[in-house]
Amino acid sequence: MPSLILEGGTLRPIFSAGVMDALLEQDLMFPYCIGVSAGISNGFSYISKQKRRNLEILEKYRHDNRYIGYQNFVRCRSLFGLEFVFKEIPDKLIPFDMDAFRSYDGRLLVGVTNARTGLPEYMDGMETEEHWNMLRATCALPVFFPVIEMKGSEYYDGGLCDPIPIRKSIEDGNDKHLIILTQPKGYTKQFSKKNALIGKLFKRKYPLLEEILLTRHERYNETVKFCEQLEQEGKAIILRPEQPLESFEKDINKLRDSYQHGYGLAMNNMNEIRKLFV
């Protein structure tokens, strides 16, 4: 069975949104979809078959302080306005088609990091509820988000533990993969002093989280190499942007260009992508 793998990256997955809209245009719905952070959040609009929805959100609200703004820390201890992003937008402003979403008969997994155990967990996206706590959790980068509580546990961004959840897909029996990355070929994640500082800040409450933050770059780089090995073996197709995009890119034209780049790249590779379903 073919799988769709979605990397996160705050606003960088607008590239992935372009890829997924090309898939929708070609009526290609993957029966297994897994991802983390903004990657899987954008993936929900793919599952609900709402083309251009992710782009429309950024076009309209990237510069709205209710969406991203430091005053949100006062409201909800987050750089992002959690109620605005996860309630007002999907409920009222750019409605999410829950009926179409529920008609999806495949498997949808949302990767999160358990703050207490330091281990990855994969939640059933089809069990999402009205407050979108699952998506809040997978996007909850420490400091930028508060910890998200669900079912008696506490969670942070899924990309901390498993930034590109290809191994989980293989473990679940999938043998062909479309992997959408959000960094250009050759990108290498470096050790981050910021992550080291965040680890120290959280060490007392979440001692196992510190090691996750300190080794995040190693895990990411190793996983990219593994994905590239799968591609060389003919088991995966990797789509990734040719140019980098800032995680918090402010230029709407650059965001549109990244979306269009993803769309065009997918269309140019559509014959090969279709072969994953054979």
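**Salt bridges, strands and a histidine**

Modeller: The structure holds 16 salt bridges, a salt bridge being a side-chain nitrogen of Lys or Arg within 4 Å of a carboxyl oxygen of Asp or Glu. This is a predicted model: local features need pLDDT of at least 70, side-chain atom pairs count only at pLDDT 80 or more, and totals for chains, interfaces and linings use all residues. Residues are numbered from 1 along each chain as its sequence is written, and side-chain values use heavy atoms, with hydrogens and water left out.

Biologist: Which residue forms a salt bridge with Glu154?
Modeller: Arg116 does, with the closest N and O atoms 2.8 Å apart. The two are 38 residues apart, with Glu154 in strand β6 and Arg116 in the loop between β3 and β4. Strands (E, at least two residues) and helices (H or I, at least four) are DSSP runs, numbered from the N terminus.

Biologist: Is Glu154 buried or exposed?
Modeller: Glu154 counts as buried because its relative accessibility is 10%. Buried means under 20% relative accessible area, exposed over 50%, and partly exposed in between (1.4 Å probe, protein chains only). Arg116, at 45%, counts as partly exposed.

Biologist: Switching topic, how many residues of strand β3 are buried?
Modeller: Seven of the eight in β3 (residues 107-114), so the strand is largely enclosed by the rest of the structure.

Biologist: And what does β3 pair with?
Modeller: Strand β2 (residues 32-36) runs parallel to β3, joined by five bridges; two strands pair if DSSP finds at least two bridges between them.

Biologist: What stands opposite Val110?
Modeller: Gly35 stands opposite Val110, and in β4 the bridge partner of Val110 is Met123.

Biologist: OK, now His177. Where is it?
Modeller: His177 is in strand β7 (residues 176-180). It counts as buried because its relative accessibility is 2%.

Biologist: Which side chain does His177 join in a polar contact?
Modeller: That of Ser3, at 2.7 Å. A polar contact is a pair of N or O atoms within 3.5 Å; within protein, one must be able to donate a hydrogen and the other to accept it, and residues adjacent in sequence count only if both atoms are side-chain atoms.
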